[in-house]
Amino acid sequence: MKLSLVVPCYNEEDVISRFDARVRSVLDRLAVDYELCYVDDGSADGTLPRLRDLAQRHPATTRYLSFSRNFGKEPAILAGLREATGDAVIIMDADLQHPPELIEKMLDLYHLGHDQVVARRSRDGDPRLRTALSRLYYRAVNTWVDVELADGVGDFRLLSRTAVDALVSLPEYNRFSKGLFSWIGFDTVTFDYRNAAREAGQTKWRLRTLVNYGIDGMISFNCRPLRAAIYTGLSLASLATLYTLWVIGSAAVGGITAPGYVTLVAIIAGLGGLQMVMLGLIGEYIGRIYYEAKRRPHFLVKEAVRPVRDAVRTAK
Ligand code: UDP
Ligand code: MG
């Protein structure tokens with residue numbers, strides 16, 4: 001069998017060579033046929049020259065794509081999956097947070113017949129607040145979303161050829177991998193590993209990207225939030241009716257007085273805010289339709305290098 005590793009890289013010049021060496025030492029020991037598919041996601045540093053260098057040093061087992069600009073990790077993963085030719089594919093971060101030593105275990109599980117072998121990172125060592133917020137988020141999401149999203153489960157996983165083909169066949173522009181992995185299904189097995197710290201360079205995640213990611217997770221997979229908006233509207237309208245009846249009733253009994261300025265302001269402001277949120281929600285869906293309707297490609301490639309033996313194969 002042949003194993004492909006898909007590695008998205010964005011400004012990873014500090015760590016990419018170390019990553020390559022570590023992974024190769026593991027793979028050589030395992031004695032599998034393998035290839036490394038690097039996807040340079042429009043890095044602004046020396047990542048691309050390093051990839052060129054790696055491809056020159058290991059021409060038979062290295063392929064890379066370089067994007068014309070930074071398109072994001074999701075398009076990078078998609079590009080890598082399209083590019084990979086292996087019978088099984090492992091998606092790994094370039095920063096060595098995904099221990100290469102786990103490849104062996106993943107392969108063992110793959111040979112037992114699983115189509116997705118998922119490494120779930122335990123959260124010990126993470127900031128407490130982030131852990132707590134994640135827990136809360138996943139609990140909320142799983143009551144909302146049709147597909148199951150699990151805490152600590154990310155892109156670090158092995159996919160069989162069947163699973164890769166399924167993922168690549170999904171044409172959507174907005175790709176939320178976590179949901180897609182779960183959506184395609186197939187025989188899935190999960191094991192835990194201890195999270196390692198980033199070896200060098202720095203994380204590209206900011207609080208804002210995390211919040212955006214969170215919203216994506218909620219919205220990418222169904223229309224249930226819209227249904228929730230309808231229910232909220234209905235309950236508020238019923239409350240408003242009851243309140244109106246009560247006001248009319250008390251005016252009929254006690255005559256008209258005109259207090260309630262604060263109540264009025266509070267209700268107008270509150271409802272105004274709520275309407276904005278719901279408009280924003282509808283806007284999110286429409287925005288997604290807009291992006292899908294444009295049918296733009298997920299990424300643009302400015303440079304691609306593929307193993308020499310492939311060139312021979314296509315020339316035949
Ligand atoms: N990455 C990417 N494009 C981006 C951001 C990140 O390809 O726009 C890659 C990055 O090079 C790394 C992986 O995605 O290999 C995970 O990124 P990072 O380590 O910053 O995320 P974290 O591990 O902190 O969640
Ligand atoms: Mg990382």
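Select the shell around ligand 1 in this predicted model: its residues divide into six nonpolar, four polar and seven charged. The shell holds 17 residues, and those that come nearest to the ligand are P8, Y10, D41, A94 and T203. Colour strand β1 (2-9) and helix α3 (73-83) next, as these are the elements that give two or more residues to the shell.

Proceed to helix α1, residues 16-30, and show helix α4, residues 103-111, together with it. To inspect the place where they meet, display V26, L27 and L30 on the α1 side and I103, E104 and L107 on the α4 side. By class, this contact comprises five nonpolar residues, one charged residue and no polar residue.

Now zoom out to the whole protein chain and colour it by domain: the assignment gives domain 1 as residues 2-204 and domain 2 as residues 223-294. How many residues does each domain bring to the contact between them? Domain 1 supplies four and domain 2 supplies five. On the side of domain 1 that touches domain 2, two residues are nonpolar, one is polar and one is charged. Taken over C-alpha atoms, the centres of the two domains are separated by 44 Å.

Finally, select residues 228-249 and then 261-286, both of which are listed as "transmembrane region" in an unreviewed UniProt entry. What secondary structure does the model show over residues 228-249? The stretch is 100% helix and 0% strand, with its end C-alpha atoms 32 Å apart. Residues 261-286 are likewise 100% helix and 0% strand, and a distance drawn between the end C-alpha atoms of that stretch reads 37 Å.

Notes. Residues are numbered from 1 along each chain as its sequence is written. Chains are lettered from A and ligands numbered from 1 in the order in which they are written. This is a predicted model: local features need pLDDT of at least 70, side-chain atom pairs count only at pLDDT 80 or more; totals for chains, interfaces and linings use all residues. A residue is near a molecule or strand if its C-beta atom, placed from the backbone, lies within 6 Å of it. Helices (H or I, at least four residues) and strands (E, at least two) are DSSP runs, numbered from the N terminus. Ala, Val, Leu, Ile, Met, Phe, Trp, Tyr, Cys and Pro count as nonpolar, Asp, Glu, Lys and Arg as charged, and the others, Gly among them, as polar. UniProt positions are given in the numbering used here, feature names are shortened, and annotations may be inferred rather than shown by experiment. Domain bounds come from an automatic or database domain assignment. Two residues are in contact if their C-beta atoms, placed from the backbone, lie within 7 Å. Axes are lines fitted to C-alpha atoms, for helices over the stretch in contact, and angles run from 0 to 180 degrees between N-to-C directions.
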